[in-house]
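Q: I would like to learn to read a protein model feature by feature. Can we go through one together?

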Amino acid sequence: MIFLQTILHVFITVSLLSSPTTTKRGPRLSLWGEAADFTITRCSQWRLKPQVSIPALQELTVCFSMKFKTIEDSEPWTAFMYTHPEVQYAELGLGGRRDRLVVWLFGTEWTTPKINLLPSQWYSLCLTWTHTKDRPALYVDGNPVNITADSTPSATPSSCKLAPNGTLTLGTLYRLGNGNNNIPHTPAVGKLSLFRLWGRERSKQEVTSLNCTEGDLVKWERNYWDSQTCAPIPDPSLQCEWSVYEVTLMFDIIRSDGNDTEPYTARDIAQKWLREILPSNIYLPRVSVFEVTRSRKEDSLVKALHEDQLVHRTPSRKRFDCLVHVNVIPSLDVADVQNEMCTSLSRGYLPPSGQLQLLADEESIHTTPVESFSDVTISPTDVVRVTTTTFKTTTSITSTSTITRASTDVALATTLTTNPANISELFFEVKVNVSITGDCDPGRILSTWLNSSLPDDMMMVLDLQLLPKARRHHSKPPSNLSPSDGVFAPRVSRESCIFQVRVMASLSDSQEMEEQIRDRLLTPYNNGSISIATEDIQIRQILILKCNAETQQTRKGLFEWPDTSGGRNATLPCRKNPQRYATRLCKLCLSTHWMAPNMEDCHLVVETIPDLDHVEVTVDNALDVVQMIEGLLRNHSTLNYQELLTVLNKLQDVVNLSRVTPNLGQALINTISDILESDSNLLPFTNIILNITDALGDTMVGYQGSFTLVAPAIALSVVDVDPGQFNSLTFGVSSDRAGTKPEIFINRFPFNGTVAFISLPSALQHSFPRNSSKQSTPRVKFQFFGIPMLFQNSQKGQSLNTFVVSASVTNASSPIKDLDEDVKVTLHHLTPNRLHKNVQCVYWNFNKNNGQGGWDDYGCRTYNSSSDYTTCLCDHLTHFGVLLDVSRTPVDVDNEQILTIITYAGCGVSSLFLGITVLTYTAFEKLRRDYPSQILINLSLALLGLNLVFLVNSWLSSWGVYGLCVAVASTLHYFLLASFTWMGLEAVNMYFALVKVFNVYVPSYILKFCALGWGIPLVICILVLIVDREAYGSHLYTGAQQSRQHLDNTDNFCWLQDDVTFYVSVVAYAVLVFLFNIAVFVVVLIQIRHMRDNSPAGTRSGLMQDLKGVASLTLLLGLTWTFGFFTWGPGRVVLLYLFAGLNTLQGLFIFLFHCLMKENVRKQWRIHLCFGRFRLEEYSEWSNSASVGFTAKPKSNPPRALAPSVCSVKSSSTDSTSASSDSSQRNSSCKRPNLGLFVHSLALPRAQRSSSGPEALPPQRGMTPTPGWKNQLLSQQEQR
């Protein structure tokens, strides 16, 4: 018998070694690396084989590659076309016309813009579509291309399905229906390759990153296509690199010892064979082996002749199916990998023992590039899919890849197998620290180390995870390294990893098996370039081997997950689209548990908040319902009344039906916080929200002593107390800014940053529930609300200026009120109360405002208050807050928006015309010779600076730079004060010119005015910065408002934030200036009246001239700013509109009165700016009409004072008037000045100049010159 076995062994060996080795260019089935060349004569089309059927599809993805040989501008072409004999239009297709791509879908033609497609270059084209979208999507080399429909779609996408069992052709014109309808396109003008079809819509990211994977409905393989007379042609220029593959094959194991081969033994043999023959850059995350049934052995058509003979002669031969997961690192071209796998796996395997041989069926070797590794199923009808070893270093992307087999009766060798009766199965979890010496990828080398250290025939690593740095537990550095090694020491990385081991052996003693695992892991590992040393090995047996059945309510439906063994995936059909599946992994570990489900392919069932009405809340699904609500709120920044009602009713059901665990409580708090932070009207629901949070605290379980739940807008603390030992209890909250979770402190005194604080007195113990078996331990609840918008105040003239904090007792024996000792509450002001306005301590009364709740001050009083804090004393427990007395009545939203638009538009217009005014007066020297013009230039500059800084203020404030905001606010303050100052100086100049006519001479007149006009505002701003720099800023930077938004907040604007500084440095200053201006205005009007009465008959102007003069004076002196002092009471809105309109357009009015309406300014424009017949030549009238100051020689006997006569003189810059004491000029006829231009027609004499004229006499040496009014008329006389 032994002799026969030896002869048989030699025969098999010789047969195996002498079997011919086929060296093919590529695998038999795969077409990767090959293309259909439609440029060859008589090569017009490829057609999908009839046995490959395409089902009815509501979504799809088609990808292929094309290389154009020539592109004719006039000839259209077709890449592929899918048609159905019963449909009289193109179901699906893609082609081109000129330099555009054309897509056909359900009879509609979609066209792209012009695309530059170069010849002799491969392009990847992908077309995706789903019935939920109104158009297909086209990608060229992963980039989306816009397409437009040439006609109205013939059917809505939701009603469309791709007709099943149609005809798919590549690169040809196809005749539709009865031959009457044709797509007028010629065959493709180049090569086409890698045509694949998926039964789902791929995302843009998938189209880009997963382009080198095989399709699931139509593959680029020979058995899918009828190439007719067009054989595929290899094209090495078509490269597509990928790293994740599934390899399927069949192999025989022939034993010479007569023993049977079990699947798990075959798996171990296959692993050793694959590791020996495959290159080092190919990694094997998993090898699965299945026993082929008898029917498959008999039906196998791919057998060598000597194999057929051996089947009859050798009873100890078995055939197995093998599935190999392969990672190629780095990625290589798919065709090269397929060729390498076919060549390597075609070689047989002879183990050193010589007792068996492995012979692979060459024609069954099939290598497929996949998105991710598929799950291996026990049987086609199984609901539970099995997941095996997948190292975390490999790519893991959910896929719907499947392996189609004939009737399969398998025994899985990689996980739970049909084990012999004497083999036991144990599971262990191992946590170990390793030191890796050498330069390598830790995950990859650890995988290699474990596969080599643990014996394949009895141990299998099910999962390997590298722990993050924070979870590592290294105790000390390795002893074999010393600091003196310095830069010459090899690179050492220290890692912690955790993995599970499945052990199959006859040993039933788990302790002995743990020791074997430990001994193998402690064995040093060194492969020549990398060494591994282990320490701190922790091994624990896994006793929980399955996940119990669980019902899960999600937005995608209700899923009832069955009992599932650890390490396996449970699979259930989607509720809304049952053709797709949801999977959930039962994680095998010390505490085997369910992982989060994978429902990417499932459609939403609960799409909107109203859909929650159809969800029933139970004790089991309470947490799921809250998580559903939280997911829905992420898509809603604002909730309407009905949506708020639906959400809050569900939250009430959750609290009322279940005991609140910490996880459920945190989910509830997060959801309520999202509601509070939304831009919703919460006033009708304030009491409901407060009742939910109160009930949440009452039903909390699963903690000891105390527990706190915190979210950005709310916090809840529950504290169990001992009535006999209760002395006092404090609750404090600190928060620095909006959007961050507040910090909670129990039994700690207030400190910097505390925004709310409650101190409960010892007298509270009398309200605790009495000792009874039906009553639980006394529980104190504290609540903090960081969004005051929940407590909108309906009381006029008051606003909530603090956060809200509350305290209550669960199961109190009686209402907690009229306490012997007061409850002390300290709250931080949202807006500093630097003006020390009245504050009021209040509590929330649930019964006010017809049950909607409101603030009440019963039982509460103010203990003390500062600008930042208020301390209240109350004799009861409830929700506490502090109201601030606000004197300002806010403008409604609509009027505020209109006023904002008017202000910004007016400032923009004024800035433009002020710039023109300044440019005009500075460019033309003749216009700026007198003092009024120079004062006008300075006033215009101040107003221009004010308008420009105002316009950019909000933009600069949004940058969030505190120093910049202070600079902007101080600059705005400066220009505002400068504008007021120059308005006052205008009044001073008028007073000197009209009232103090005689004996007034001011040396360096304009220089002193400039020192006052620009210096006084500068001094004030510097003083403000020295005294309190914090006075400047924005609501964005004030410390009280860094925490939360309050009720009376305004837009971010850099300005004076301190009310005292504002009223002193702005309001008071403006009042003084405008009181003086009003006084001068009245005096000027009176003086004008006198001059009008004394003017000669026939020279008086009309009413319109008088009105122009009054308007000019009013605007120039800034008297319209006084409207701001009267913006209160019933007419407040009207006065605000007048204030905004007149003051923002002040620059425009200055331009109208002092540029556009002044004749000499218009003449200067015509002289210097106009052309042709509009141009005015300069003439002698300008030089003769200059106003020259006159100084009369003092006389010992001066004549009696005469009333000054005022006449209009056309000077070089403005219409000026002068008067003289010279009696010789008394009888000169003069005209009364034009009242409309009166403001600048009253001028002080200019500085004394030498003149050759007789009217300009120099002053005598040693005498004080006395300027007077020239009584000489230089204006033209009207001829009567």
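The dialogue below takes up helix packing, nonpolar cores and backbone angles.

Q: What kind of model is this, and how are residues numbered?
A: This is a predicted model: local features need pLDDT of at least 70, side-chain atom pairs count only at pLDDT 80 or more, and totals for chains, interfaces and linings use all residues. Residues are numbered from 1 along each chain as its sequence is written, and side-chain values use heavy atoms, with hydrogens and water left out.

Q: How are two packed helices described?
A: By the angle between their axes and the distance between the axes. Here, helix α11 (residues 662-677) packs on helix α12 (residues 686-698) at about 165°, with axes 11 Å apart. That makes α11 roughly antiparallel to α12 (over 145 degrees, on a scale from 0 to 180 between N-to-C directions). Helices are DSSP runs of H or I, at least four residues; strands are runs of E, at least two.

Q: Which residues of α11 and α12 meet?
A: From α11, G665, L668, I669, I672 and L676; from α12, I689, I692, T693 and L696. Contact means heavy atoms within 4.5 Å. The residues of this contact are seven nonpolar, two polar and no charged. Gly counts as polar in this scheme.

Q: Where do nonpolar side chains tend to go in soluble globular proteins?
A: They tend to be buried together. A nonpolar core is a set of buried Ala, Val, Leu, Ile, Met, Phe, Trp, Tyr and Cys residues joined through side-chain atoms within 4.5 Å. Buried means under 20% relative accessible area, exposed over 50%, partly exposed in between. The largest core in this model has 91 residues, and F64, F80, F195 and W225 have the most contacts inside it. Strand β18 (residues 241-255) gives the largest share, seven residues. Apart from this core lies another, of 65 residues, including C965 and W1121.

Q: What does F195 touch, beyond its neighbours within four places in sequence?
A: Its contacts include V62, F64, F80, L168, V218 and W225.

Q: Are F106 and S120 buried or exposed?
A: F106 is buried, at 5% relative accessible area. S120 is exposed, at 60%.

Q: Which residues does a cis peptide bond join?
A: I329 and P330, with omega about 0°. P330 lies in strand β20 (residues 317-333).

Terms used. Parallel < 35°, antiparallel > 145°, perpendicular 65-115°, else oblique. Buried < 20%, exposed > 50% of the residue type's maximum accessible area, 1.4 Å probe, protein only.
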